Amino acid sequence: MSDKLNPFAIAQAQLDKAAEILQLDPAMHAFLREPMREFHFTIPVRMDDGSTRVFKGFRVQYNDARGPAKGGIRFHWEETVDTVRALAAWMTWKTAVVDIPLGGGKGGVICDPRTLSPGELERLSRGYMRAIARFVGLTKDVPAPDVYTHPQIMAWMMDEYEVLTGKHEPGVITGKPLELGGSAGRGDATARGGIYVVREAAKTLGIDLEGKTAVIQGYGNAGSFAHRLAQDILGLKVIAVSDSKGGIVNTNGLDPDAVAAYKRETRSVVGFPDADTVTNEELLELETTVLFPAALENVITEANADRIKARIVAELANGPTTPAADDILYANGVYVLPDFLCNAGGVTVSYFEMVQNAYQYYWPEEMVHQRLDQKMTTAYHAVHHMAENKKVNNRVAAYLVAVDRVARAVRLRGWV
Ligand code: NAD
């Protein structure tokens, strides 16, 4: 992978920019550029046909100065340790920008979960937890779902951990089913948090979103909830959505219930009646007020940034925009809501889940929404003020807010 598209090289380049503006001490800069700890391990899994396959797994604890490491586990065929490192770094900045007392971590397994049977997936999930059990826990490192991992996988992992340690500790992992200590409001939290940030950004920009258009790339947890909430909370008309198989467009708007039902039935949005097809590349370049990248990294690059027509790019995905593309979007007046601010709703409600697990006392959904709104709104305005004060784009501003908070914690601990 070239450095231009290597997510960890990108994460480091973004930090370097912030370090320069913050005039970070060179030792602090060097410390924050690398993960504090990482684990590489093998996971042997007995397959349904009796054979054994060995999968490669990672867990990176990037920084835990502000609290236990926190971050999802991704199951993906193109997973690399550098992707995990980058995502762990972004988690560190994300928990800091929304000011929750957690650090940053991330995990992954190189596998294609689409080809595994439910039994194989369960054995892989339990095997992953067996490999990291001694290094995680409510006060050490708390995993969560990410791409291709879901509440059932969290339940298997939690159960494996509790069997191994012989105690009840649901807060070892978040994104669990409600029956096993999940939080109300976790399901749509990432999308909802992004929607609150878009609402605040529109106020700053003086845009009335009612009846304006939105386009969404990716139709999983983040993307499908963004469809419904963009419509219900912001009054946006979602005109195009996509998944890994391609996209659909209808300028009169797409109904979230109908598209979700169609995807449940056929496993893709492609072929949805009353819509034209578009490629994932074309979808990004559609005329729209808000564009939500909600799939994978590096989809907006210097090759297509000039053709992005959205007024606001709300990054629900992690790392969808390369640094070179960032500069082009900024120069073109596209208002980017950077990933670790825009998609921080998921980790914020995960944190609420940990708090509720610790007390074994659960909050109603409205309370979760209200507290999430308060965290996201405060974080957006902190970033916006920084951007205004330092005359930088929102991504650099978000780094300035987050890196400064993490550096203070590291310094106060006397590590550097
Ligand atoms: P998911 O697995 O639920 O959904 C991913 C979606 O992206 C699927 O619809 C898939 O078909 C689609 N996709 C995959 N490859 C694609 C491609 N090449 N082009 C277009 N679409 C493609 O995952 P998710 O949880 O919704 O995560 C999506 C993004 O949001 C990731 O970058 C993830 O890191 C980020 N994120 C998720 C959460 C969360 O709480 N779920 C929190 C923060 C950030």
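Select Ala222 and the ligand: a polar backbone atom of Ala222 is 2.8 Å from an oxygen atom of the ligand, a polar contact being a pair of N or O atoms within 3.5 Å. The ligand taken alone exposes 830 Å², and the protein buries 85% of that (Shrake-Rupley areas, 1.4 Å probe). The model is predicted, with pLDDT of at least 70 needed for local features and 80 or more for side-chain atom pairs, while totals for chains, interfaces and linings use all residues. Residues are numbered from 1 along each chain as its sequence is written, and side-chain values use heavy atoms, leaving out hydrogens and water.

Next, show the side chains of Thr190 and Asp146. A polar side-chain atom of Thr190 lies 2.6 Å from an oxygen atom of the ligand; for Asp146 the distance from such an atom to a ligand oxygen is 3.1 Å.

Now select the whole shell. The ligand is surrounded by 24 residues, the closest being Thr190, Asn221, Ala222, Ala295 and Asn318 (a heavy atom within 4 Å). Nine are nonpolar, nine polar and six charged. Domain 1 (36–170) and domain 2 (189–337) each give at least three residues to this shell.

Move to the second largest pocket, with a volume of about 280 Å³ (an open set on a 1 Å grid, 1.4 Å probe, with protein on both sides within 12 Å along at least five of seven lines; lining atoms within 4 Å of a point). Select Tyr330, Tyr335, Val392, Asn393 and Asn394, which lie nearest its centre among 16 lining residues. Colour helix H13 (365–390): H13 supplies the largest share of the lining, three residues.

Technical notes
Polar contact = N/O pair within 3.5 Å; in protein donor to acceptor, adjacent residues only side chain to side chain. Nonpolar A, V, L, I, M, F, W, Y, C, P; charged D, E, K, R; others polar. Domains from an automatic or database assignment. Points joined across faces, edges and corners; volume = space filled by probe spheres on them. Helix = DSSP H or I, 4+ residues; strand = E, 2+ residues; numbered from the N terminus.
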